[in-house]
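User: I am new to this protein and would like a short tour of it. Could we go through it together?
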Amino acid sequence: MFFRKPIFLIFVFFFLLEIFPSISIRPKITNTNLESDTSPSSLQFLEAPQYQNGRNCPLVSTTISICDPSQVHIAMTLDPQYLRGTIAAIHSILKHSTCPQTIFFHFITSKKNPNLGETVNSAFPSLKFKVYTFNENLVNDLISISIRPALDNPLNYARSYLSEILDPCVKRVIYLDSDVITVDDIQKLWKIRLTGSKAIAAPEYCRANLTKYFTEQFWGNGEFRGVFEGKKACYFNTGVMVMELERWREGGYREKIEKWMRIQKEVRIYELGSLPPFLLVFGGNVERIEHRWNQHGLGGDNVVNSCRSLHPGGVSLMHWSGKGKPWKRIDEGNPCPVDSLWAPYDLYKHS
């Protein structure tokens, strides 16, 4: 049978590729899972300076004990997508702390990413911390789809379980999201007193319209909307909270939050992930903190990635809540002006 020369050569070329795969010139497939060199979990970070206590700080024990009453306890989640933000947050906290060696970090991670603590240790060799694995089965059946996929991450709900996750001797903890930096001494936040039986303290925003956080199905149900009756309920952001864990347990707040999550699965009463259940359970019963401790919304709008400026007033903590994250905007070469305030704490090793 007669073959035209070009067609014959093509046939021979592909025949040889199958017989001798070692000479294949097919494009190499890059591993894109979380263990690849370009994955967030394998990012490389510079080692931070070793920050020392000031003169008036408690003596530093040679043995690390979670139960040491002089320690400031901070809880954060460790997630590959936000690891760069977490590292920057830790750096900012230590840099501005009068007594950095008294700070103990509690990191909550998933079983899919058990080694993120090693990355933290590489950037902060002297950091006192413990890593806990969150049992995501506790919330997998309770999470309903929200307006942003990132809000559906089970780790977003770990803050509701801190009283059970952390060691029993930890009576109080500051919970912080991974997209924050502090520019003030965290001791000031730690020393805030929670009056009465209040279990959480946070900056409140009473001019915010609560109606937009819940659906018509919620406001149209007298039993649901009745949860706010007789209360001066205000919006607060759950990315910065001081939590009294014994009061949390005594008040059964984890169970109350789960109750609203179950209702949400049956009747869609909100759109924004883990925040609305906190508003429903704690609205009107929050110890108020100065707004300077959560300058939130710097990530821009939840739908449109827009730039925002700082709120009027003092600043102790900046929070890039919203869709845009400073490290992503910086890498894309399109940062917002406020991202320049985050950049000095970034320890990421750029290639």
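This is a predicted model: local features need pLDDT of at least 70, side-chain atom pairs count only at pLDDT 80 or more; totals for chains, interfaces and linings use all residues.

User: Thanks. With that in mind, is Cys-336 buried or exposed?
Analyst: Cys-336 has a relative accessible area of 4%, so it counts as buried.

User: And what is Cys-336 joined to?
Analyst: Cys-336 forms a disulfide with Cys-307, with an S to S distance of 2.0 Å. This pair links distant parts of the chain, 29 residues apart: Cys-307 is in the loop between strand 9 and strand 10, and Cys-336 is in the segment after helix 12 (326-331). The link is left-handed, with -85° about the S-S bond. Cys-307 is partly exposed, because its relative accessible area is 47%.

User: How many disulfides are there in total?
Analyst: The count is 4 disulfides. When the bonded cysteines are counted along the chain, the pattern is 1-3, 2-4, 5-6, 7-8.

User: Which cysteine pairs with Cys-206?
Analyst: Cys-206 pairs with Cys-234, and their sulfur atoms are 2.0 Å apart. The link is right-handed, with 95° about the S-S bond. Cys-206 is partly exposed because its relative accessibility is 38%, whereas Cys-234, at 4%, is buried.

User: What about Cys-57?
Analyst: Cys-57 is joined to Cys-99 by a disulfide, and both cysteines are buried. The angle about their S-S bond is -90°, which is left-handed.

User: Which residues line the largest cavity?
Analyst: Its lining includes Leu-59, Ile-64, Asp-68, Gln-101 and Lys-128. The lining residues divide into 3 nonpolar, 7 polar and 2 charged.

User: One last item: where is Asp-301?
Analyst: Asp-301 is in the loop between strand 9 (287-289) and strand 10 (317-319). With a relative accessibility of 29%, Asp-301 counts as partly exposed.

User: What is Asp-301 in contact with, neighbours within four places in sequence aside?
Analyst: Asp-301 is in contact with Ser-306, Arg-308 and Lys-323, leaving those neighbours aside. The C-alpha atoms of Asp-301 and Ser-321 are 8.9 Å apart, although the two are 20 residues apart in sequence.

Definitions and conventions:
Residues are numbered from 1 along each chain as its sequence is written. Side-chain values use heavy atoms; hydrogens and water are left out. On a 1 Å grid over the protein atoms alone, a cavity is a set of points where a 1.4 Å probe fits but cannot get out, and a pocket is an open set with protein on both sides within 12 Å along at least five of seven lines; lining residues have an atom within 4 Å of a point. Ala, Val, Leu, Ile, Met, Phe, Trp, Tyr, Cys and Pro count as nonpolar, Asp, Glu, Lys and Arg as charged, and the others, Gly among them, as polar. Helices (H or I, at least four residues) and strands (E, at least two) are DSSP runs, numbered from the N terminus. Buried means under 20% relative accessible area, exposed over 50%, partly exposed in between (1.4 Å probe, protein chains only). Contact means heavy atoms within 4.5 Å. A disulfide is a pair of cysteine sulfur atoms within 2.5 Å.
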